[in-house]
Every structure is written in structure tokens, then in C-alpha cells.
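Me: I would like to learn how to read a few features of a structure. Could we look at one together, step by step?

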Amino acid sequence: MPFRFARPLLPAILTLSLVACGNSSNEQAAMPAQTAASTPTESAMVLTVRIGASAPLTGPQAHIGKDNENGTRMAIEDANARGISIGGQKVHFELLSEDDQTDPKTATIVAQKLVDAKVNGVIGHLNSGTTIPASRIYHDNGIPQISPSATAVAYTAQGFNTAFRVMANDGQQGKVLGEFATKKLGAKKIAVIDDRTAYGQGLADEFVKSAKASGAQIVAHEYTTDKAVDFTAVLTLIKGKKPDLIFFGGMDPQGAPMLKQMKALGIPAKFVMGDGGYTPKLIENGGAAAEGAYASLPGVPLDMMPGGKDFAQRYEAQFKQPIQLYAPYCYDAVNVMIAAMQKADSAEPAKYLPLLGGISHDGVTAKIQFDEKGDLKGGAVTLYQVQQGKWQALETLGAAAQ
Amino acid sequence: METFLQQIINGLIQGSVYALVALGYTMVYGILGLINFAHGEVVMVGAMLSLTALTALLGWGVPPALALALGLLFAMLGCMVLGYGIERVAYRPLRHAPRLAPLITAIGMSMVLQNLAMMIWGREYHAFPQLIDNTPHVIAGAIVNDIQIVIFLAALGIMAGLMFVVHRTRLGRAMRAVAENQHAAQLMGVDINRVVSITFMLGSAMAAVAGLMVSANYGIAHYYMGFLLGLKAFTAAVLGGIGNLRGAMLGGMLLGLIESLGAGYIGDLTGGFMGSNYQDVFAFFVLIAVLVFRPSGLLGERIAERA
């Protein structure tokens with residue numbers, strides 16, 4: 001009886017999905033036609049340039065991933081509004097956003113999908129763990145990739161001429177964090193927790209190196225995952241070692257409950273995170289426990305940059321939420337890519353890639369210039385602390401702040 | 001010693017949540033021989049529903065204790081409807097189909113629920129209002145707060161209640177009869193569909209309680225929270241012997257203790273060779289060891305004849 005009830009639904013669902021497929025394949029069929037038609041001989045047509053973007057849009061870091069997509073989208077909409085011409089043709093930029101689920105395996109599938117869709121460049125991925133495996137696919141297909149937020153040193157150390165980032169790497173950030181913890185906060189006994197992702201582990205290792213060099217003792221190095229919410233076992237273990245500072249290499253979904261559990265267990269140590277902790281959510285979800293926590297973010301504070309404040313206001317107006325984390329970096333990444341396309345007067349990856357490394361662009365996060373590896377030149381790092389429920393900039397360290 | 005006691009407490013709190021969720025898996029398995037992989041998502045929906053209700057109630061100025069009770073009631077009712085719906089839509093049409101089919105619909109159901117929750121409640125983490133005072137109590141150097149005490153006692157109470165329902169009431173007798181032999185139970189006048197529906201609703205109501213407990217304890221709720229919790233609870237159910245109620249409780253508590261003691265002592269025991277990164281490995285190693293020597297779990301006996 002129930003089975004018979006379910007049957008008539010089946011054709012309906014099939015029809016629906018066919019209609020849906022039909023729509024998307026029409027669209028896809030139309031787009032290459034447009035691109036094909038837009039050869040210089042028919043310059044009346046609009047040139048479609050596809051920017052691929054990838055970040056986790058589902059899973060525990062979906063809020064940060066969506067923030068990345070928003071930043072990228074804003075830059076693309078701005079560019080379309082400005083009316084850019086390349087090679088004598090008007091350009092229409094198009095965003096192809098894919099969900100990599102924070103998963104290295106999915107990231108490679110998504111990367112291949114973007115390559116197959118013939119994107120002209122990629123903004124992504126969010127995490128180092130996804131950016132590194134995906135970068136090989138972009139490199140093998142000659143597609144320029146700018147990551148807004150992957151900080152693992154290994155990303156640009158692979159010798160890929162297609163790999164760039166607009167954020168200081170873990171080598172720069174970990175060093176600054178280690179020095180800050182030991183010299184400014186006076187920590188002697190430090191406990192480290194990392195989430196075992198390429199980012200968390202990489203940053204924690206650089207932090208440990210730097211803290212040890214400054215004379216601190218690492219009393220414990222413990223681990224969690226990027227999906228866990230219970231850290232009581234690890235924190236209890238750490239409590240027994242009586243550290244005066246805990247460093248966590250990871251993101252805010254773990255940072256906030258970790259702060260709460262530290263407080264619940266009565267651990268008085270100071271708490272320091274990298275860029276993964278500098279979000280409004282850490283304060284919102286950490287509540288009173290987040291007070292006094294430290295985090296770093298590469299670059300200088302947004303409202304000290306020309307255009308930074310304006311960007312933040314426009315972002316909030318358009319997406320009805322404050323910037324989570326990397327949206328301004330995504331915005332800059334897109335604009336750097338477009339600047340290179342304009343300079344080369346071509347959106348062909350092979351033509352504009354050689355010029356990408358030499359671009360100098362005044363972004364909303366920093367003056368963006370790349371070194372020979374594709375890393376951001378300069379790489380200032382700003383330290384923040386939660387004071388009265390708000391992130392307050394403490395000081396900018398590292399290379400020359402502008 | 002303080003650390004040891006603290007790890008035991010951590011383990012018991014975590015374990016009582018695992019146990020409550022594991023009961024949902026084990027009840028359905030015991031009666032239908034089906035693994036309801038969507039159960040973890042029901043926990044998540046319970047947490048989200050109670051969060052929505054609590055936020056609204058507190059906004060209207062309802063006193064916290066009353067808000068908590070009403071929020072819990074709302075989440076339990078919502079999850080019971082959801083549990084009934086899941087069974088009606090995804091499992092009942094396939095009750096006589098090969099075993100793989102309902103397993104696939106279960107996984108599908110889990111994805112559907114997760115994505116629906118993402119659409120309704122958004123991708124971000126939600127802060128869970130703090131309703132119970134969490135001033136720490138110090139017992140022999142170990143710290144425990146009121147939320148944790150409530151979680152532990154409530155879990156024990158619910159488990160005792162469930163045991164009473166299953167072993168002392170008419171409904172429980174019907175449930176056990178259906179578990180024993182569906183056709184024979186039907187011939188004896190047991191309404192199988194009704195018993196199965198009630199089983200799903202009971203399991204879902206417990207899932208709602210577990211969802212509220214987890215979110216209240218960690219102060220955080222998220223559409224993705226059901227996945228890992230569901231997986232751990234399923235492990236606990238298998239460890240204790242899936243299909244066996246006492247097994248699920250024992251398995252849940254044991255898994256909580258193993259995880260917390262494993263993470264706390266594995267580093268010292270191996271001289272730093274292995275650390276807390278082996279926490280899950282340790283838990284699953286125990287699971288494998290138990291299954292090698294007792295393939296049907298610690299307290300499971302009837303599975304061999306069922307399968």
C-alpha cells in the first residue's frame with residue numbers, strides 16, 4: 001500500500017530532474033557558444049571570463065567558506081560594473097563557485113571540474129589542506145591560482161608557477177606569534193594543540209619553532225580534529241602540566257568551545273590562535289570565555305587601509321552580516337588577477353600568467369606584490385585581543401607595516 | 001589523581017550522551033534489523049529546534065527554567081514527528097525490500113536532513129543560551145558543573161524509564177514481540193506499524209534530549225553536529241552489542257571513558273611515542289578487539305540468529 005503510494009511520485013520527480021537538467025545544459029550550451037563567438041573577429045560580442053572559486057560551502061567551516069565566496073562575488077560584480085575591456089572587447093566576468101567540503105579528496109575533484117569548465121583563473125581554496133592537492137591540478141593545466149587564505153608554507157614551495165597567495169604564510173605568521181607569546185605575553189611554559197590539518201599543524205610547528213628559539217618550554221603538544229567539539233580530555237591533560245599559555249593551531253569552530261571548556265575546567269592560561277580564530281563567531285560563541293583571547297591576522301587592520309572601511313560597509317550592506325574572515329583577501333585576489341589580465345590585454349591563462357607575478361596592486365588588505373615563489377611580499381601580521389566583546393588591534397609586527 | 005578523576009568525569013559525561021543516542025540506534029536495530037543512519041541528524045534537529053524555541057521564549061521574557069522545559073518539550077515533539085515521518089517515508093515502503101535498500105535510504109535521509117537544516121538554520125555556528133548556572137564545583141580536585149550533573153542524572157533517568165517501558169508495560173511487550181518475530185507478533189494481534197512508529201518516536205524523543213544536552217554543554221549548535229556524534233554513538237551501540245538496550249548504555253559509557261582516558265594517558269604510557277592524535281585510533285582499536293573476541297558486542301547475543 002505505501003509502496004503504491006510512492007510510485008506515482010517517481011515519474012514526477014524524474015520529470016522535475018529532467019527539467020532541471022535541461023535548464024542547466026541549455027545554459028552550459030549557450031555559454032561556450034558565447035565564448036566561441038567572442039573571438040576578435042566578432043568584437044561586437046561580449047567576452048566571458050570565468051573565475052573559479054572554491055571553499056567549503058558545507059560542513060563545519062561553511063560560514064567562512066561562504067564569506068570567501070561573498071568576497072569573490074563582490075569583486076566580480078564590481079569589475080562588471082566598472083565595465084572592463086580586454087583585447088578591445090567588453091568583458092563579462094562570471095563566478096563559478098564550488099564546494100570542496102574542507103576535504104582534500106573533494107578539492108581535487110572540484111579542481112578538475114573547474115579546469116574542465118575552462119575557467120580563466122581560480123580564487124581558492126580556503127584551507128591549506130585543500131589548496132595544496134588542488135594546486136597540482138591547476139598547475140598541470142596552466143591555470144593561475146590565487147589562494148586568499150591558505151597559509152601553509154608548502155603551498156608555494158612546490159615550485160608551481162601558477163600558485164600565488166595574498167596572505168602571509170605560516171612561516172611568517174608562526175614566527176610572529178611565537179615571539180609575541182614569549183616576549184610580549186611573557187609565556188615560559190606553553191602547551192600547543194593543533195587540529196591536524198595542513199594549516200593547523202603547519203602553523204603550530206612554526207609557532208613551536210619560534211617559541212623555543214625565544215626560550216620558552218613546550219610542556220605539551222596535543223591534537224584534535226577540525227570536526228571535534230569536545231576537548232575536555234586533552235585540556236585536562238594539559239591542565240596537569242600547568243602551562244601559562246595555550247596555543248591552538250586551528251579554526252574558530254573548535255576555538256570557541258575550547259575556550260569555554262578551558263574556563264569550565266578552571267585553566268587560567270592565556271589563549272592564542274592564528275588567523276583561524278580572528279572571527280566575530282569566536283566571540284559570539286565563546287561568550288564571556290572568549291574575553292582576553294588573542295589571535296593574529298596577516299596584513300594591517302582593515303580600517304587602517306585606504307578603501308578598507310568602505311569595503312567593510314559595502315559588504316555588510318550587501319550580505320547582511322559582518323565580514324567573517326577572508327572576504328577582503330578574496331576581493332583583493334580577484335582584483336590582482338583582473339589587473340594582470342588587463343596588463344596582458346588577454347584573459348588567456350598562458351598570456352596573463354607571466355605578468356601576474358610582477359603585479360603591484362593597492363588592495364583593501366595590503367599593497368599586494370608577490371615574491372618569486374608567489375608568496376606575498378612584506379607579510380605584516382597584526383595581533384588582536386578580545387576586549388569587552390570586541391576584537392581590538394594590539395600591534396602590527398613582522399615586515400614593514402604600511 | 002586529580003587528573004585521573006577529572007578524566008573519569010569527562011568520560012562519564014561524554015559517555016552518557018553517547019549512550020542516549022546509541023539507544024536510538026539499538027532500538028530500531030533490535031526491532032527492524034535496520035541501521036537508522038539518519039538518527040544522528042535527528043539529534044541535530046533536536047538541538048536546533050530547542051535553540052529556536054529557547055531563543056524565542058527568552059526573547060519574550062519567559063523565566064529560564066520554564067523556557068528550558070518548554071524548549072525541551074518542543075524539541076521532543078518536533079523530533080517525534082520527524083522520527084515518525086522518516087520511518088513512514090524512507091523505511092516503511094522498503095520494509096520487505098532487500099536489506100541494502102533501506103540502508104541507502106537511511107544515508108540519503110541523513111543527507112537530506114543535514115542540507116535542509118543548513119537551509120533553515122544557516123551554515124554558521126549558533127551560540128546556545130546558557131540556562132543553567134555553570135559555576136564549577138570542586139570535588140577532590142576535579143571540576144564538575146551543574147550542566148554536567150544534570151546531563152548525567154537525566155541520562156540515567158531516561159535510561160531507567162526506557163527499561164521500565166520495554167520490560168514492564170504492554171507496549172514494551174509488543175515491542176519485544178515484534179523484535180522476536182514480526183509475523184508471529186502480527187498473528188497474535190500486535191499492530192506492527194504502530195509499534196515501529198512508536199519505537200521511532202521514542203528514539204527520536206531521546207535524540208532530542210541528547211541534542212539539547214550536547215548543545216547546552218558545549219554552548220554551541222550547528223547543522224553538522226549530528227554526523228560525528230551519530231557515528232560515535234553507532235560505534236558505542238556496536239561495542240555494547242547492537243540490538244541490546246543495556247549494551248547501548250554500557251557501550252556509550254565505555255566509549256566515553258575510553259576516549260577520555262585514551263587521550264589523557266596514551267602519551268605518558270607510550271613515552272610520547274603516541275599522543276592524543278591517537279584518541280580515535282585507540283577507541284576503534286578497543287572496538288575491534290571486542291568484536292574479534294565477541295563478534296556480537298559485549299552484551300549482544302541474539303544477533304547471530306537474527307542475521
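Me: Does A:I323 count as buried, exposed or partly exposed, and why?

Reply: The general idea is to count the other C-beta atoms, placed from the backbone, within 10 Å of the residue's own: 20 or more make it buried, 12 or fewer exposed, and anything in between partly exposed. A:I323 has 19 C-beta neighbours inside 10 Å, and therefore counts as partly exposed. Bear in mind that this is a predicted model, in which local features need pLDDT of at least 70 and side-chain atom pairs count only at pLDDT 80 or more, while totals for chains, interfaces and linings use all residues. Residues are numbered from 1 along each chain as its sequence is written, and chains are lettered from A and ligands numbered from 1 in the order in which they are written.

Me: Where is A:I323 placed, and which residues is A:I323 in contact with, leaving aside its neighbours within four places in sequence?

Reply: Helices are DSSP runs of H or I with at least four residues, numbered from the N terminus. A:I323 lies in the loop between α11 (308–319) and α12 (327–344) of chain A. Two residues are in contact if their C-beta atoms, placed from the backbone, lie within 7 Å; beyond those neighbours within four places, A:I323 is in contact with A:D67, A:A312, A:Y315 and A:P328.

Me: How many residues does each chain give to the contact between chain A and chain B?

Reply: Chain B gives 29 residues and chain A gives 33 residues. On the side of chain B that touches chain A, α1(B) gives the most, with five residues.

Technical notes
Helices (H or I, at least four residues) and strands (E, at least two) are DSSP runs, numbered from the N terminus.
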